[in-house]
Amino acid sequence: MKKVKIAFWIVVFGFIGLVIFQNKDFFMSESRLMIDLGFFYYETPFLANAIFFVAFFLVGILISYFFSLFKHFKDARTIKTFKAKETSLVETVSTLEQQLSAQAEAAEPAPAAPADDEPVEVVAELK
């Protein structure tokens, strides 16, 4: 399965490289981004489109990392509460087992019925 994953990623990166190579003119052409909010105006210098693609890709990775980081902390807290609950339940089970064994020791065994050597008479049914 590991070799299949490696082959899959090689194919994916190969296709990405092919798209970039075939569209080299687009990725190397320069453009600028402008932000005009009415009260705020900003204009980037002329940069290659490839730089914008890489920058936005990295910003997306950072955003997804922070969202997964919050989820990781939430999952860690949930695991901590489940482990605490498990510990309390294990303690409860062990105390109940101790009580049960104490009750079993306190109870005296019932006297066994004496075995008679007398034969048992069986009455046959008449038809």
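This passage describes selected side-chain interactions in a predicted model.

Two salt bridges were found in a search of the whole structure. One joins Glu-43 and Arg-32, with the closest N and O atoms 1.6 Å apart. This pair links distant parts of the chain, eleven residues apart. Glu-43 belongs to strand S3, whereas Arg-32 sits in the loop between strand S1 (30-31) and strand S2 (34-36). Glu-43 has a relative accessibility of 28%, so it counts as partly exposed. Arg-32 is also partly exposed, with a relative accessible area of 32%.

Tyr-41 lies in strand S3, which spans residues 41-43. At 47% relative accessibility, Tyr-41 is classed as partly exposed. Beyond residues up to four places away in sequence, Tyr-41 touches Met-34, Ile-35 and Asp-36.

The other salt bridge is formed by the side chains of Asp-75 and Lys-71, at 3.1 Å from N to O. Both residues lie in helix H3. They are four residues apart, about one turn of the helix. Asp-75 is partly exposed, with a relative accessible area of 34%. Lys-71 reaches 52% and is therefore exposed, the cut-off being over 50%.

Aromatic pairs were examined next. The count comes to six. In one of them, the rings of Phe-26 and Phe-53 have their centres 6.1 Å apart and their planes at 80°, so the pair is edge-to-face. Phe-26 lies in helix H2 (residues 24-28) and Phe-53 in helix H3, so the pair ties together parts that are 27 residues apart in sequence. Phe-26 is partly exposed, at 44% relative accessibility. Phe-53 is partly exposed, at 47%. Ring pairs also link Phe-8, Trp-9 and Phe-13 into a cluster.

Asn-49 is in contact with Phe-26, Phe-27, Ser-29 and Ser-31, leaving aside neighbours within four places in sequence. Asn-49 is found in helix H3, which covers residues 49-106. Its relative accessibility is 10%, so Asn-49 counts as buried, the limit being under 20%.

Technical notes:
Residues are numbered from 1 along each chain as its sequence is written. This is a predicted model: local features need pLDDT of at least 70, side-chain atom pairs count only at pLDDT 80 or more; totals for chains, interfaces and linings use all residues. Side-chain values use heavy atoms; hydrogens and water are left out. Helices (H or I, at least four residues) and strands (E, at least two) are DSSP runs, numbered from the N terminus. Buried means under 20% relative accessible area, exposed over 50%, partly exposed in between (1.4 Å probe, protein chains only). Contact means heavy atoms within 4.5 Å. Rings of Phe, Tyr and Trp (its six-membered ring) pair if their centres lie within 6.5 Å; planes under 30 degrees apart count as stacked, over 60 as edge-to-face and the rest as tilted. A salt bridge is a side-chain nitrogen of Lys or Arg within 4 Å of a carboxyl oxygen of Asp or Glu.
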